[in-house]
Amino acid sequence: MTISLALLFGALIGVLLGLLGGGGSILAVPALVYAVGLDMEQAIPVSLIVIGVASAVGALPKIRVGHVQWRLAAVFAAAGIPATFAGAAIGSHLPQSALLLGFAALMVLAGIRMLRDDGPTGTACDTDGGIDWRRCAPRSIPAGLAVGLLTGLFGVGGGFLIIPALVLMLGVDMPIAVGTSLLIITANSAAGVVSHLHGLHINWAIAAAFAGTATVASLIAGHLGTRLNTDRLQRWFALLVFAVAAFVVIDTLWLR
């Protein structure tokens, strides 16, 4: 029964990933905890496997067309990977209730980001000859640290934070920001999985079922999603995220 639930909810998360991009993965951990029955300790690395595989698959076509800023991705990853291990270490000392409440707060933040219109782009990295590192590094390094910490702590990719940081703070064009974000998420997710494996027994059958169906469903949904109004879909998804966050808070504070 558990494997069947993993297949079902993996497919649902994959559809959301394919239609909405990285933001769809914000529901992976709640699905694994409340539907599949894993605790947070096991749900986080399984979620990161799904996010990492989906991001790597999504990054390949971006790399082929040159929509990646490799040096900027390297800066984010260099800052984010150690922070991912730090986040995992912090999370290992927190009770599950604290992690669930923190995750609910993160979901609210992600939902707000989905509903907000993008503002004007920044110019911290914008030069005629490439990247101005004296202006770019003071913003990209803290952003990379923050994303890595959240990845290790909560098992999220952080795309809802990376893309605004690249576009609004650093002035990166949106197509390149998307491709660069996928590379950063892949690197951080891989580090997150490694950081959570020590002393943890993962049910690899559930992980494979969830990750496999999520990846296949995301590819199919991504191909079909070009015909849909993704702006309206994203607004509805943001409302769903708010509802799930409210359920997590109520369940954690009053039902457990």
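**Exercise 1.** Classify Tyr34 as buried, exposed or partly exposed.

*Solution.* Tyr34 has a relative accessible area of 27%. Buried means under 20%, exposed over 50%, and partly exposed in between (1.4 Å probe, protein chains only). Tyr34 is therefore partly exposed.

The model is predicted: local features need pLDDT of at least 70, side-chain atom pairs count only at pLDDT 80 or more, and totals for chains, interfaces and linings use all residues. Residues are numbered from 1 along each chain as its sequence is written, and side-chain values use heavy atoms, with hydrogens and water left out.

**Exercise 2.** How many aromatic pairs does a search of the whole structure find? Describe the geometry of each.

*Solution.* Rings of Phe, Tyr and Trp (its six-membered ring) pair if their centres lie within 6.5 Å; planes under 30 degrees apart count as stacked, over 60 as edge-to-face and the rest as tilted.

- The search gives two pairs.
- For Tyr34 and Phe247, the centres are 5.1 Å apart and the planes at 70 degrees, so this pair is edge-to-face.
- Tyr34 belongs to helix H2 (residues 28–36) and Phe247 to helix H10 (residues 230–255), 213 residues apart. Helices are DSSP runs (H or I, at least four residues), numbered from the N terminus.
- Phe247 is partly exposed, at 41%.
- For Phe103 and Phe154, the centres are 6.1 Å apart and the planes at 70 degrees, so this pair is also edge-to-face.
- Phe103 is in helix H5 (residues 96–115) and Phe154 in helix H6 (residues 133–154), so the pair ties together parts 51 residues apart in sequence.
- Phe103 is buried at 2% relative accessibility, and Phe154 is buried at 8%.

Note on methods
Helices (H or I, at least four residues) and strands (E, at least two) are DSSP runs, numbered from the N terminus.
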